[in-house]
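Hi everyone, thanks for coming.

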Amino acid sequence: MLSSSVASTRQIRRVGVLGAGTMGSRIAAHIANAGVPVVLLDMVPADAGKAGRSKLALAALDALKKAKPAAFYDNGNARLITPGNFDDDLALLAECDWIIEAVAENLAIKRELLLRVQEHRRAGTILTTNTSGLPVAKIVEGMPEELRRHWFGTHFFNPPRYMRLLEVIATPETDAADVAVIARFCDRRLGKTIVRAHDTPNFIANRIGTFSMSNAIRLMQAQGLAIEEVDTLTGAALGWPKTGTFRLGDMVGIDVLAHVAKNFAAQAVAIGDERGDVELPEFIGSMLERGWLGDKSGQGFYKKDGGEERLALDWRTLNYRPSVRAKFPALEMAKNVERASERIAQLLHGDAAKDKAAAFYWPLLTELFTYSANRVPEIADNVFEIDQAMKTGFNWELGPFEMFDAAGVRVTTEKMRAAGLPIAENVEKLLAYAEQNSVEPAWYKDDPSVPSGRLFFDPVTQVYEPVVLPEGIASLAAIKKANGVVKKNPGASVVDLGDGVAAIELHSKMNALGGDIVSMITQTLKPASEAVANFEGFVITGESANFSVGANLMQLLLAIQDEEWDEIEGMVRAFQNMTQAIKFCSRPVVVAPYGMCLGGGTEIALHAAARQPHAELYMGLVETGVGLIPGGGGCKEMTIRSVDVAASIRPDARGEGVEIFEALKKNFEMIAMAKVSTSAAEARSLGFLTRSDTVTMNRDRLLMEARDRARAIADAGYSAPLPRTEIPAPGENALATLKLAVWTMREGEFISDHDVKIANWAAYALCGGRVTPGTLVSEEYLLDLEREAFLSLCGEKKTQERIAFTLKTGKPLRN
């Protein structure tokens with residue numbers, strides 16, 4: 001057996017994937033996203049000629065390039081996938097360090113294929129299955145001992161690029177070192193949250209998730225609710241995906257849900273599951289008979305009427321009718337509560353006799369709490385593993401035990417007892433511990449003395465145990481509890497990350513960039529600040545869903561409507577001062593963007609000494625969508641990048657020539673069209689990231705990797721750049737050419753009159769105004785042009801309409 005140190009250095013250099021269906025092909029694509037070559041094999045079709053023996057894998061590869069959501073970070077990654085078939089190409093597996101079985105969920109098919117694979121597999125090669133519910137050990141029962149020792153389950157969730165959970169299911173014979181190798185690779189290279197599951201039906205996430213969905217459907221029928229009502233109740237209000245129960249079902253596939261449910265039902269009695277009675281109702285069976293499988297078949301619980309209107313299924317009649325937006329007074333009140341943990345307590349403990357929402361939530365959540373508590377240690381070693389599985393496999397904001405804590409363990413169980421409802425044995429253990437130790441019962445409690453800052457109650461040992469996280473994973477929340485906060489305001493905080501580096505954490509609503517954030521960043525990074533004296537590097541990041549949606553548009557719109565032009569100019573100037581403070585800080589500033597990084601968020605990133613982005617990065621200068629142009633230095637930075645690209649090709653370019661114009665044109669189109677990257681890889685191709693910016697695959701590692709990057713830059717002897725004063729402006733010739741292109745677009749009726757104004761101002765700022773090509777200008781001059789353009793567009797009525805529309809709908813308006 002390998003030692004842990006050897007396991008940490010063992011490499012996965014090539015992977016084989018058996019099965020080119022939806023899951024197999026997308027697993028292969030995501031491994032290719034990590035830069036690792038993949039062999040993708042499938043069966044030879046019965047009607048295949050000599051040239052088409054690998055057509056299933058080839059067709060899968062072609063489909064991956066067109067997939068929505070995108071399977072690849074960059075379609076160029078497809079070159080890393082070698083397609084083939086089981087009859088001709090199994091020998092290719094001899095070069096693989098890891099082989100993943102992802103064929104049909106049929107025990108006989110899997111076993112037959114694995115015996116064939118064994119003839120070509122190199123001894124010691126790790127072999128895993130992506131089965132979603134078949135017993136992992138049973139698949140290789142009776143096969144060679146050497147194979148069984150290197151065999152276990154690796155259950156990916158669909159789509160593998162986006163779903164963070166990987167359930168790892170070892171058998172009693174599995175070599176623990178192999179598990180460590182794959183866990184490390186999938187954590188660091190594939191960005192997965194690793195959860196250790198037991199070899200039980202549906203493992204963890206599908207076991208809890210299937211119960212929860214089935215129970216929601218049962219309650220819908222019992223309480224006479226509509227599909228839209230249940231989706232509203234089981235969506236964002238609980239911190240669950242806004243798709244709710246049925247829209248999620250359509251996306252996943254109703255046939256897939258049915259398979260998972262039937263797989264569980266077939267084994268429920270044998271394993272003694274107390275809720276084996278919860279199964280899919282008859283109306284879903286009728287839907288399957290009619291081929292109504294959800295999005296893949298064009299209709300399921302919902303369907304489009306041919307236009308934009310969505311129709312919803314009446315589950316009683318199986319007829320479709322116009323979808324109606326469900327409204328519940330309790331949910332309207334809960335909208336004012338930002339934190340899911342606070343909403344859950346409010347919603348669960350409402351008056352079920354008067355409130356339809358409370359009548360639904362009470363059985364839904366209390367039965368979820370009981371069911372989850374009864375699964376320890378059956379499906380997982382502890383409650384933390386279950387919570388992690390549900391948060392990363394079903395995108396719940398809180399796991400079931402965290403939800404139980406939010407609802408209040410004591411008050412909830414007292415109400416359950418009064419109602420004659422069963423209390424799980426593990427819950428009774430928690431209550432007994434709390435009683436004996438005179439503490440409030442809770443599954444989790446804070447403890448700054450442990451690295452994770454958190455303990456969980458273990459009903460097996462009946463004491464609190466530390467939450468153990470992999471090395472290199474930390475949260476700002478835990479660090480703040482351990483180290484405190486250096487300073488804060490409503491929009492941002494400065495947090496000591498240790499090792500001489502501080503984080504500037506953004507935490508306004510949606511991380512919209514208002515005065516609080518602008519002030520905090522500027523004051524923290526200015527030359528004479530206490531923070532610059534005490535820290536050797538900084539990281540700008542956050543822990544909300546998105547890095548930043550851009551500037552605070554509501555604040556800007558109110559100022560425009562009041563015609564406070566001096567105030568608006570002051571706001572823009574302050575924003576520019578902030579980005580300049582980032583760029584010219586004497587300490588290295590690393591920006592760690594993730595999720596949506598739009599408008600002003602992108603401008604913050606552009607000015608940093610370095611960027612440490614998460615792989616899932618949706619980055620863009622999108623101001624034209626609200627009738628404006630980038631005003632915080634975004635245009636200025638793209639002009640400088642254009643000039644520098646041209647100079648790298650032709651050092652004597654001096655603001656003129658085809659090189660500067662081509663680079664400028666690309667950046668002009670990007671700004672004018674408000675292009676947004678679909679990944680960090682695309683953000684690099686758009687010019688937002690540099691070649692030296694490194695990408696973090698695992699979101700949980702972003703903070704510490706950004707900290708280490710700042711530390712490394714500081715240790716290398718960082719010297720801040722000086723403001724540039726001799727930038728050769730592209731000038732009036734480039735400006736005239738860009739304006740001609742805009743005019744042509746208008747003549748073709750591709751854009752509106754207001755789009756023309758916006759695009760012309762963007763061209764004006766990017767070209768350095770109406771100056772002679774090659775005129776040397778400063779960064780300050782380019783910022784002045786941005787501010788002039790921004791303020792002019794603020795005075796346009798159409799701009800005000802666009803901002804108002806975006807605030808209301810979250811979408812851009814083309815007027």
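I'll go through a sheet, a helix, a pocket and then some single residues.

A quick word on the ground rules. This is a predicted model, in which local features need pLDDT of at least 70 and side-chain atom pairs count only at pLDDT 80 or more, while totals for chains, interfaces and linings use all residues. Residues are numbered from 1 along each chain as its sequence is written, and side-chain values use heavy atoms, with hydrogens and water left out.

Helices (H or I, at least four residues) and strands (E, at least two) are DSSP runs, numbered from the N terminus.

Three strands make an open sheet in the order 12-13-14, and the pairing is antiparallel. Here, two strands pair if DSSP finds at least two bridges between them. At the edges sit strand 12 (444-446) and strand 14 (463-466), each pairing on one side only. From one strand to the next, the twist averages 35°; for that angle, axes are lines fitted to C-alpha atoms, for helices over the stretch in contact, and angles run from 0 to 180 degrees between N-to-C directions. Strand 13, residues 454-458, joins strand 14 through four bridges in the antiparallel sense. If you zoom in, Asp-458 stands opposite Val-463 of strand 14.

Next, please find helix 29, residues 702-715. Its 14 residues reach 20 Å from first C-alpha to last, close to the 20 Å expected at 1.5 Å a residue; the expected span is 1.5 Å times one less than the number of residues.

Is helix 29 largely enclosed or open? It is largely enclosed by the rest of the structure, because 10 of its 14 residues are buried. Buried means under 20% relative accessible area, exposed means over 50%, and partly exposed is in between (1.4 Å probe, protein chains only). Among the buried ones are Leu-702, Met-704, Arg-707, Arg-709 and Ile-713. The cover over them includes helix 20 (476-483), strand 16 (492-498) and strand 17 (501-506). Just after helix 29, Gly-717 takes a positive phi of about 90°.

Helix 26 (634-649), helix 27 (658-672) and helix 28 (680-685) are the elements giving two or more residues to the lining, and helix 26 gives the most, with eight.

Finally, single residues. Thr-193, in strand 8 (residues 193-197), counts as buried because its relative accessibility is 7%. Leaving aside neighbours within four places in sequence, Thr-193 is in contact (heavy atoms within 4.5 Å) with residues including Arg-164, Gln-388 and Asp-700.
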